[in-house]
Structures are given as C-alpha cells and as structure tokens.
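Keep the structure open as you read.

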Amino acid sequence: MALDDATAGFLAQMAESGAKPLHEMTPVEARELGGMLRDMYGPGPEVAQRIDETVPVDGGSIGVRLLLPEDPRAVIVYYHGGGWVIGSLDEFETLGRNLVARTGAAVVLVDYRLAPEHRYPTAAEDSWAALRWTVDHLAARGLRLPLIVAGDSAGGNLAAIMAQRAKAEGGPEISLQVLVYPVTDADVDNASYTDPANQLMLSRDSMIWFWDHYAPDAAARARPDASPLRAADLAGLPPAVVLTAEHDVLRDEGEAYAEKLRAAGVPVQSRRFEGQMHGFFTFVNVLPGSAAGLDYVADQVEKHLAGRSQPA
C-alpha cells in the first residue's frame, strides 16, 4: 500500500523546506528539527496536574514530567523516541497529554540522557532509575496502580528492555508493555531496512547514524540491553501491545519481536499500520495515522485494565 495522502503531503513540505537528511546533520541540528516539529503538535488536552520532578541517576540527575488525571487508573512510564540522540520532554508532552485523556492513566515522561554525550548503556540505566523512582513515588503517595511501560522507536527499545530487566531482577511488576515501532535489533540489512520504499524521514542511513552515536561498539549492540530481540528467553514477560508501520525500516524487527514474544507464551496484540511511515504515532494533530494509533493503544489499554478487574 502506498503512503497515505497526508503523509505524502507532509514529506513533500519537508522536502521543499530544504532540510538536510538526518544522517547529514550534527546531533545539535537534529535536536533543533525536533523542536520545530513540536510547534506543529499544539498544546494537547488539559490534565489535572503537570509536575516536573528530578530523579537521581549515576553521575547526575534526569528530569521526569508527570501528567495526571483526577483519578488515575494506571500509570504509564513513557520513553520517547529519537534514536537515543534527540527528543525532549517538551516535544512529547502533547502525546503524553493525549495518552492521559484517552486512557485515564497518569503518564510519566522520562528525560533520559542522550548520546553521543552519554552513550550506551546510559539511556537504559536512566530509564531503569526512572521506573524505580516512579514505583517509589507512587508508594509514597499511597497509590498502587497497574504499571505500564511504553515508548516509540528508541523509546520502544527502552520499554522492552525495562520489561526484560524487571523480570530478571524480580520486579517491579509490570502489567503491560506498549511498544510502538520499537528498535529491537541492530541488524540494518534485513528486508525492511533495504526496501527503497522505506527510506523516508527515518532511513537505513539515519539508523546507522543513530547507532553510531549511541553504541559505536558492535559487541555492545548485540547485548539484550541494546537489542532486546537477542535475549535468549522471553518467557514470563508482561503482555505486549506492538505497533509497526508499513513503510518503516524498523518494521521487520518490531514484528519479529512480537512473534518471539508469542512463541515464548507471552500474550501479544499487534497491528501493522498500512500506509504509514516511521514516526506516525507521535505526529499528533499533524497526521491522521497518529489518531488511529492512539485509538488502538487506548483500546488495548482499556481491554487490559478491564481484564485485570475481572474476578479470578
């Protein structure tokens, strides 16, 4: 299926702007592009509270932003995309507000440190610190809510790694993982990577650029806390919701991870979004595919939480 009309039109506008391909930018230039896109999303729905907190991590601290409804029914710890190199709390706040409005869950946005200033495994370690902080913060407020990890692209990578690490360390208990076109492997030569139709905003060259900044050592990339598809045993992981895009270099590895989870006995709901490119989910108020993706995630979260509330 061809790209939908809205996506094709957006890419045409980007081409007319004269912006360089991502892999030809410096990290600073790429981060400025993310700021430009943020302005297109708008402010997002109102939430009951918006709170910025600081989480101590090895070698410093990171920020988290809590977006809270009046009576949260779950908490979603959300890790943003951007190839571990770009992305910020402000750029993902509109998405977070939409997740609050559509799921009734509190959302914790995590501002993990970025490469190349902070290379692998910093993003994963910061993500774990933020997850543990969230659990402790909820406990201090007397809240016991289902815990969901979620993220898109590199953030989907981090969410998958958090689910694996929580299993390995005996907690915290994660109720659901939501993986939106996740990075699950460092293989840049599979069919979706080499398909000319998939060389769009995210291309094979730009993913190589991201990996080179985040984990330049090939041996490090093969570790499960960089490439979660390479984990030996996925049994016992929390149920998963996996979204992929038809025209995305990451499509095949995302779908391979969903299949490996299923083969290990993990309940998985997955959907390939036809006519969509990488990034569609976060383009709130810009691409219609974003609304469809949010609807799918909200529906799956609702079904999961409803299932939890049923008597055994």
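**Pockets, core and charged pairs**

The lining of the second largest pocket has eight nonpolar, one polar and three charged residues. Bear in mind that the model is predicted. This pocket holds about 310 Å³ of space. Its lining includes Val135, Leu138 and Ala139. Arg144, Glu173 and Arg308 are also among the lining residues. Which helix gives the most to this lining? Helix H4 does, with three residues.

Now turn to the largest pocket. About 720 Å³ of space lies in it. It is lined by 35 residues, and Leu22, Leu33, Leu37, Met201 and Leu202 are the closest to its centre. By class, 20 of the lining residues are nonpolar, 12 are polar and three are charged. Several helices take part. H1 (5-17), H2 (27-41), H3 (89-103) and H7 each supply at least two residues of the lining. H2 gives the most, with five.

Next comes the inside of the protein. The largest nonpolar core has 77 residues. Which of them touch the most other members? They are Leu131, Met207 and Trp211. Helix H4 gives the most to this core, with eight residues. Leu131 shows how parts of the chain come together. Apart from its neighbours within four places in sequence, Leu131 is in contact with Val77, Tyr79, Leu147, Val149, Met162, Pro172 and Ile174. Two of these names are already linked to the second largest pocket: Leu147 and Pro172 are among its lining residues. There is also a second, separate core. It has 31 residues, including Ile76, Leu89, Val107 and Val284.

Charged side chains come next. Side chains of opposite charge can pair when their charged atoms come close. How many salt bridges does the structure hold? It holds 22.

Start with Glu125 and Arg165. Their side chains meet in a salt bridge, with 3.1 Å from N to O. Glu125 lies in helix H4 (residues 122-140) and Arg165 in helix H5 (residues 154-168), so this pair ties together parts that are 40 residues apart in sequence. Are these two residues buried, or partly exposed? Glu125 is partly exposed, with a relative accessible area of 36%. Arg165 is partly exposed too, at 23%.

A second pair is Arg204 and Asp189. Their side chains meet in a salt bridge at 2.7 Å, N to O. Arg204 lies in helix H7 (residues 204-214), and Asp189 lies in the loop between strand S6 (176-180) and helix H6 (191-194), so the pair ties together parts that are 15 residues apart in sequence. Arg204 counts as partly exposed, at 25% relative accessibility. Asp189 counts as exposed, at 52%.

Arg272 sits in strand S8 (residues 268-277) and Glu255 in helix H9 (residues 251-263). The pair links distant parts of the chain, 17 residues apart. Arg272 is partly exposed at 35% relative accessibility, and Glu255 is partly exposed at 23%. Salt bridges can also share partners. In this way Arg50, Asp52, Arg65, Asp90, Glu93 and Arg97 are joined into one network.

Last, look at the backbone. Most residues other than glycine have a negative phi, and most peptide bonds are trans. Where does this chain depart from that pattern? The peptide bond from Ala115 to Pro116 is cis, with omega near 5°. Pro116 is found in the loop between strand S4 (106-111) and H4. The bond from Gly171 to Pro172 is cis as well, with omega near 5°. Pro172 lies in the loop between H5 and S6.

Two residues have a positive phi without being glycine. Trp84 has a phi near 65°. It is found in the loop between strand S3 (75-79) and H3. Trp84 is buried, with a relative accessible area of 1%. Ser153 has a phi of about 60°. Its place is in the loop between strand S5 (147-152) and H5. Ser153 also counts as buried, at 6% relative accessibility.

Methods. Residues numbered from 1 in each chain as written. Predicted model: local features only at pLDDT ≥ 70, side-chain atom pairs only at ≥ 80, totals over all residues. Heavy atoms only, no water. Salt bridge = Lys/Arg side-chain N within 4 Å of Asp/Glu carboxyl O. Helix = DSSP H or I, 4+ residues; strand = E, 2+ residues; numbered from the N terminus. Buried < 20%, exposed > 50% of the residue type's maximum accessible area, 1.4 Å probe, protein only. Core = buried A, V, L, I, M, F, W, Y, C linked by side-chain atoms within 4.5 Å. Contact = heavy atoms within 4.5 Å. 1 Å grid on protein atoms, 1.4 Å probe; cavity = no way out; pocket = protein on both sides within 12 Å on 5 of 7 lines; lining within 4 Å. Points joined across faces, edges and corners; volume = space filled by probe spheres on them. Nonpolar A, V, L, I, M, F, W, Y, C, P; charged D, E, K, R; others polar.
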